[in-house]
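Here are a few friendly notes to read with the model open beside you. Take them one at a time and find each residue as you go.

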Amino acid sequence: MDEEDQQKITDLIKELVHRLLSQNPNNPNSPQFQSSLRYAYRILSSRLTPSISPDSAAIAESIKRRLATQGKSSDALTFSDLYSKFAAKTGPGSVVNNKWAVIYLLDIISKDRKSANNGPCQFLPNLPLNNHADLGSDLKGLAVREKERKGWSNGVLLVSKDPENLRQIAFREFANLVKEENEVSEEVLVRDVLYASQGIDGRYVKFDAIADGYILLDSIKLPRAIRVMVMKLCELGWLFRKVKGYISESMDRLPAEDVGTVGQAFCAALQDELSDYYKLLAVLEAQAMNPIPLVSDTASSGNYLSLRRLSVWFAEPLVKMRLMAVLVDKCKVLKGGAMAGAIHLHAQHGDPLVRKFMMQLLKRVCSPLFEMVRSWVLEGELEDIFTEFFVVSQPVKAESLWREGYRLHSGMLPSFISQPLAQRILRTGKSINFLRVCCDDRGWADAATQAANAAGTTTGRGGLAYGETDALENLVMEAAKRIDKHLLEVMYNRFKFKEHCLAIKRYLLLGQGDFVQYLMDIVGPELSEPANTISSFKLAGLLETAIRSSNAQYDDRDILDRLRVKMMPHGTGDRGWDVFSLEYDANVPLDTLFTESVMSRYLKIFNFLWKLRRVEHALTGAWKTMKPNCITSHSFTKLPHAVKSQLLLTLRRCQVLWNEMNHFVTNLQYYIMFEVLEISWSNFSNEMEAAKDLDDLLAAHEKYLHSIIEKSLLEERSQTLYKSLFVLFDLILQFRSHADRLYEGIFELQSRSIESSLPSRDRGKSSKKTRDKSSEPGSWISDGRKALTQRGGEFLRSMGQDLDALSQEYKLLLDGFLSQLPVQQHVDLKFLLFRFDFTEFYNRSRSGL
């Protein structure tokens, strides 16, 4: 140290002594000032050092705590602010390396000023004031001490020489001070905390049910810091009681349904964690038997347990116990998949310790759940005694097994299994049960084994675990692909689903033309009778006759045996045409697709198509009656001109009206048969080939039926159009009755005219043939030729008027029907208007009106 630095240190020491003596100002040359100055030099140049670590932050924190404990909160805040400014000082003129020494010196001086004794400093009894030395030697000693201080390495520096055993005296004084402040020793408090951490009341630390926690008795005298630390450590005991109570309560309820296998696994995992916790407590109990030294050379390495050491030991168990307590509160009312999902949500954590702990816990908890998934996907077994699985079964008939037998319980679906994966799991197990129960098939077992091998797992227990989401998805995907493929092969090959669909199209949807035509020809007379007089057995015989008389006889006998006659409920006044229908019997497993609801929709389509075919059949019958060669006989040439003109006019009206009706029915039937049925069937066939599972097949069939119903005006939103169409059908059937009556009258007039033109000798011969008819009242034959001409004219006028009225009503109904087509939603129904009115005849007629 050079002379300039020594002079600076001397000036600073003088300034410090002067400030310390400011309450009793003295002359700088006075003996008291000089004595105090020499004493300060002796302190600074001595080898006595504090037995603390040179840490300025720790010393400042100790001063702040002492001020706060003494109730001087404002002073503590002021000190904190001053220390922050002091610590931030850097650069020339600042104390960089010895900030801790400055703060420690000020702390010692503060304590010394508070002492009531005005004699020499009690902290430095080995440096009396009467030990004189000159200023130069003091400064030299100070310089040497400065060099030694620069060699420190931030360690704990203790006094190496203590000839008067001052350290032991200080330790005894500190021990006495601790005993005065603490009524209970720290060893006892540590033992009580260990008891509390096991849920046991100690001597001074007890559980208070009202406060719901451990409390330290207020009657004992303890510093506030010790009391706060004990309460913090007792949090572990409160958490332990919560976790232990949940385990005990759950085990007492076994085998209750609200606990379940997942709840048992959760309790077992918690119990294992508590076992590890017990092992730690056993180690700590052994360490607590050793006494706690106050201050000694071996204090830092001794095998003892203090409250501060206990807080370090409890750090990791406290984190785990807090997490377990949170899980216990969350899972109290949960079970099964819902419990696993709730625990999984807490596994998404950034702390590696927490994440590792949750992974181990979830592997134990989810083990029963993954075993249920494996058993369901590979064996079709639902091992769910306590309704914990997200697949739920219910007792149903065989035909409803696929649609209603199993369903997803969203409340039990854990969050780590996605909804699409859950649907695939449901369908895979459902396919196995469908094959086993409805199809009586065992081929699924080979498919399940192949799926397990392809996924790299085994068919035995323990093949799946939490955290192996990719393995689970791979297993489910492989099992679903193979089992669904096998199911479709069974439905197509063994149960001939495609052939049955084609048979329904040919017979219920009237796609087999020769069969439908022959059936309508032979059952027509029978169906014209009242419905309550028709025998269903006779109709069944006629159905068999139609089959044998058409190409339907070459179909598979199993298919033909399923086709039956069905008489719908009828009332008084109904004819056979109104109640006749065909049905197709589909047994297990086909009734899974051809359910009662599906067959009722097929029946609805059949009734519509049957009515359309009946109208077409009626128009065909009318055309056979109206053939031109039936009325070209020369016998009408002798009729009066007025009657002849009226006859030709009436016939023309009838022919024109027939043409209009035939145009409407022909185009409508073409639209139904080709643009509705055939196109829908083509799309359905393509979707059947592309189907990957039974759900796809059901969806394709549902789409096929919906397409037919929507395009055939059978949907609810097309009811107005449907009713208008059936009114048109009834009007066409009414026209058939009028046409039959017209031509019956014309044929009778023709025969009477022929008879009146015969010679007299031939009249006698024919008189016997017509004697019975002549006796009937109102018979034309009984009248003369003049009366015959008069009656014929009246008949033709009446029929002409009826045909005119029928034509007007038909045009009004047809115009209303066509006007509704453009507003229909389906594009094919809009295009149907173009088919009816491709020449714009009806459009021009409406414009003319």
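1. Start with a pair of helices. The axes of helix 11 (residues 260-288) and helix 16 (residues 367-379) come within 8 Å and cross at roughly 145°. Axes here are lines fitted to C-alpha atoms over the stretch in contact, with angles running from 0 to 180 degrees between N-to-C directions. Helices are DSSP runs of H or I with at least four residues, numbered from the N terminus. On the helix 11 side the contact (heavy atoms within 4.5 Å) is made by T261, V262 and A265, and on the helix 16 side by P368, L369 and M372. Five of the contact residues are nonpolar, one is polar and none is charged.

2. A word on the model itself. It is predicted, so local features need pLDDT of at least 70 and side-chain atom pairs count only at pLDDT 80 or more, while totals for chains, interfaces and linings use all residues. Residues are numbered from 1 along each chain as its sequence is written, and side-chain values use heavy atoms, leaving out hydrogens and water.

3. Now look at helix 20 (residues 469-494). Its 26 residues reach 36 Å from first C-alpha to last, close to the 38 Å expected at 1.5 Å a residue; the expected span is 1.5 Å times one less than the number of residues. Just after helix 20, K496 takes a positive phi of about 50°.

4. Which residues touch the most other members of the largest nonpolar core? They are F515 and F664, in a core of 207 residues. Such a core is a set of buried Ala, Val, Leu, Ile, Met, Phe, Trp, Tyr and Cys residues joined through side-chain atoms within 4.5 Å. Helix 27 (residues 641-690) gives this core its largest share, 18 residues. Beyond its neighbours within four places in sequence, F664 is in contact with residues including L725, F729, Y810 and F836.

5. Is D693 buried or exposed? D693 counts as buried because its relative accessibility is 6%; buried means under 20% relative accessible area, exposed over 50% and partly exposed in between (1.4 Å probe, protein chains only). D693 sits in the loop between helix 27 and helix 28 (694-711). A polar atom of the D693 side chain lies 2.8 Å from the backbone nitrogen of D696.

6. Finish with Q553, in the loop between helix 23 (536-548) and helix 24 (557-561). Q553 is partly exposed, at 39% relative accessible area. Q553 and F515 are 38 residues apart in sequence and 9.5 Å apart in space, C-alpha to C-alpha.

Note on methods: Helix = DSSP H or I, 4+ residues; strand = E, 2+ residues; numbered from the N terminus. Nonpolar A, V, L, I, M, F, W, Y, C, P; charged D, E, K, R; others polar. Polar contact = N/O pair within 3.5 Å; in protein donor to acceptor, adjacent residues only side chain to side chain.
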